[in-house]
Amino acid sequence: MKLVIGASGFLGSHVTRQLVERGERVRVLLRRTSSTVALDDLDIERHYGDVFDDAVLRDAMDGCDDVYYCVVDTRAWLRDPAPLFRTNVEGLRHVLDAAVDADLRRFVFTSTIGTIALSEDGRPVTENEPFNWADKGGSYIRSRVEAENLVLQYARERGLPAVAMCVSNTYGPGDFQPTPHGSLVAAAGKGKMPVYVKDMSMEVVGIEDAARALILAAEKGRVGERYIISERYISARELYTTAARAGGARPPRIGIPLKLMYALGFCGDLAAKLLRRDMLLSTLSVRLMHIMSPMDHGKAERELGWQPEPIHDSIRRAVAFYQTR
């Protein structure tokens with residue numbers, strides 16, 4: 001029996017679907033308020049509760065060999081970071097305490113490339129470099145680093161058979177919400193993105209490949225190890241041009257300077273302070289969109305046998321999905 005916690009989300013739903021397609025018996029843990037549109041056609045066992053309900057967690061893990069943890073609060077723009085740490089760290093701690101006693105084969109934790117170091121010499125970074133940008137990432141990144149460290153601590157000190165998957169920006173079909181970065185691809189596919197940001201590049205991966213990596217990690221991942229799950233480093237222009245062409249739309253034509261984006265982010269900071277409201281656009285959100293370095297995912301290829309497809313294929317499938325919505 002496999003358990004997916006956070007199965008209603010973009011990545012969690014793809015992990016669930018791939019497990020079902022492999023013929024596995026799959027159990028999911030959901031909140032009753034979660035949208036299940038991505039799961040409703042699947043034959044799965046549903047448990048209801050949240051990550052703070054210890055009795056529900058123990059019951060959901062009973063009889064399971066692998067647990068895939070796909071829960072995260074990604075709202076980096078929150079002025080009050082308390083919800084980030086409550087979900088990403090304290091909620092996770094409840095899950096880990098239950099997992100330690102569950103006699104699991106693997107606990108596969110969905111982390112982020114936000115816990116990976118920044119390159120100091122321009123070369124692609126690996127999982128081995130120590131994290132070196134805590135002063136630049138804000139509360140969201142701090143919560144994710146703390147969460148990953150907690151998982152690895154449980155692996156070292158309490159025998160939890162855990163692996164941490166450092167997943168980059170995901171694109172592909174089945175993005176029902178959609179995600180913030182998916183919304184931009186959807187807009188480009190409709191020809192509603194005439195501009196792109198110059199000098200902005202990011203690590204990306206297809207959602208189906210990311211889900212496949214998590215499943216491989218349960219089978220082959222080394223306990224206590226981290227794996228970068230990202231297909232390539234791509235410019236914003238190439239990303240949105242690919243989406244536009246997939247949708248038969250005109251690609252973005254105007255490149256705006258990164259400095260202008262920071263100026264807009266500063267306006268967002270000011271508005272948040274004056275209006276006492278959370279603003280999606282801030283200097284921090286701009287920084288997080290471009291600060292990451294190129295990464296080397298060779299460890300996942302060597303140890304997991306992971307072979308991701310070119311991201312362009314995933315972007316095309318994403319645009320086709322958005323066009324049906």
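**Exercise 1. Find what stands opposite Tyr68, and place its strand.**

Tyr68 stands opposite Val108 in β5. The model is predicted; local features need pLDDT of at least 70, side-chain atom pairs count only at pLDDT 80 or more, and totals for chains, interfaces and linings use all residues. Residues are numbered from 1 along each chain as its sequence is written, and side-chain values use heavy atoms, without hydrogens and water.

Step 1. Strand β4 (residues 66–69) pairs with β5 in the parallel sense, over 4 bridges. Pairing takes at least two DSSP bridges. Strands are DSSP runs of E, at least two residues; helices are runs of H or I, at least four; both are numbered from the N terminus.

Step 2. β4, helix α3 (residues 82–100) and β5 form a right-handed β-α-β unit. Right-handed means that, with the strands pointing away from the viewer, the path from the first strand over the helix to the second runs clockwise.

**Exercise 2. Follow the chain from β5 to β6.**

Step 1. β5 and strand β6 (residues 162–167) run parallel, joined by 6 bridges. Phe109 has Ala164 in β6 as its bridge partner.

Step 2. The chain passes from β5 through helix α4 (residues 138–158) to β6, a right-handed β-α-β crossover.

**Exercise 3. Sort the side chains of β5 (residues 106–112). Are they buried or exposed?**

Step 1. In a regular strand, side chains alternate between the two faces of the sheet.

Step 2. Arg106, Val108, Thr110 and Thr112 point one way; Phe107, Phe109 and Ser111 point the other.

Step 3. All are buried, that is, under 20% relative accessible area (1.4 Å probe, protein chains only), where exposed is over 50% and partly exposed lies in between.
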